[in-house]
Amino acid sequence: MTNVSSILTLALRIFLPTFFIVFYGLLMTVSLFSKEEYIASLPMSYFRIFSITMFFATLIIIYFTVFKLRRVELDSNTVFIIDYFKQATYPYQNIKNIEEHNYMLFKTVTINLEQSGIFGNRITFVPSGRRWP
């Protein structure tokens with residue numbers, strides 16, 4: 001069994017949301033309970049609204065992008081999809097097509113399945129540079 005997804009998947013899927021929620025959530029909480037009237041010549045009420053809006057907007061972006069990443073392993077005739085909490089196994093016959101999307105800083109690969117599984121019919125992962133063809 002060969003792992004074809006990058007270790008970056010673990011960092012993006014687990015560590016990025018955890019650190020964002022902890023540190024930015026702490027900044028937002030401090031701004032909500034602060035007694036200051038101005039911060040950098042900006043009224044504190046504007047800063048509170050801005051920090052709450054940015055916190056929830058970034059959480060929504062993380063949910064719809066980073067949480068869709070999976071870990072993918074290949075065997076001689078099987079694809080293993082791992083969510084770090086659940087695992088699914090699909091035969092190669094269930095794969096409709098594979099699409100590569102090259103962005104400036106990273107690349108993603110989407111596996112489209114014939115039949116929907118527990119992760120849906122689109123599996124997205126960040127491929128490893130050495131193990132992905």
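**Overall shape and local features of the predicted chain**

Of the 133 residues of the protein chain, 33% count as buried (buried means under 20% relative accessible area, exposed over 50% and partly exposed in between, with a 1.4 Å probe and protein chains only). The model is predicted, and local features need pLDDT of at least 70, side-chain atom pairs count only at pLDDT 80 or more, and totals for chains, interfaces and linings use all residues. Residues are numbered from 1 along each chain as its sequence is written, and side-chain values use heavy atoms, with hydrogens and water left out.

The protein chain holds two helices and nine strands. Helices (H or I, at least four residues) and strands (E, at least two) are DSSP runs, numbered from the N terminus. Read from the N terminus, the order of elements is β-α-β-β-α-β-β-β-β-β-β.

The radius of gyration of the protein chain is 20 Å, whereas a compact globule of 133 residues would have a value near 14 Å. This radius is taken over C-alpha atoms, and the globule rule is 2.2 Å times the number of residues to the power 0.38. The C-alpha trace spans about 65 × 30 × 20 Å along its principal axes. Contacts (heavy atoms within 4.5 Å) were then sorted by sequence separation. Among those between residues at least 6 apart in sequence, 46% join residues at least 24 apart.

The surface came next. The protein chain exposes about 8900 Å², and carbon and sulfur atoms supply 64% of this area. Accessible areas come from the Shrake-Rupley method with a 1.4 Å probe; for residues, only the protein chains shown count as cover. There are 12 positive and 8 negative side chains. Lys and Arg count as positive and Asp and Glu as negative, while His and the chain ends are not counted. The centres of the two sets lie 2 Å apart, with each charge placed at NZ of Lys, CZ of Arg, CG of Asp or CD of Glu.

Strands E7 (residues 95-102) and E8 (residues 107-117) pair in the antiparallel sense over seven bridges. Two strands pair if DSSP finds at least two bridges between them. A hairpin of four residues joins E7 to E8. Glu 99 has Thr 110 in E8 as its bridge partner. In a regular strand the side chains alternate between the two faces of the sheet.

Thr 124 is found in strand E9 (residues 120-125). Thr 124 counts as buried because its relative accessibility is 18%.

Leu 69 sits in the loop between helix H2 (44-65) and strand E4 (71-74). Its relative accessibility is 7%, so Leu 69 counts as buried. With neighbours within four places in sequence left aside, Leu 69 is in contact with Thr 9, Leu 12, Arg 13, Thr 124, Phe 125 and Val 126. Leu 69 and Asp 83 are 14 residues apart in sequence, and their C-alpha atoms are 8.0 Å apart in space.

Two loop residues other than glycine have positive phi values. For Ser 41, phi is near 60°. Ser 41 lies in the loop between strand E2 (38-39) and strand E3 (42-43). Ser 41 counts as exposed because its relative accessibility is 69%. For Tyr 84, phi is near 70°. The loop between strand E5 (78-82) and strand E6 (87-91) holds Tyr 84. At 27% relative accessibility, Tyr 84 counts as partly exposed.
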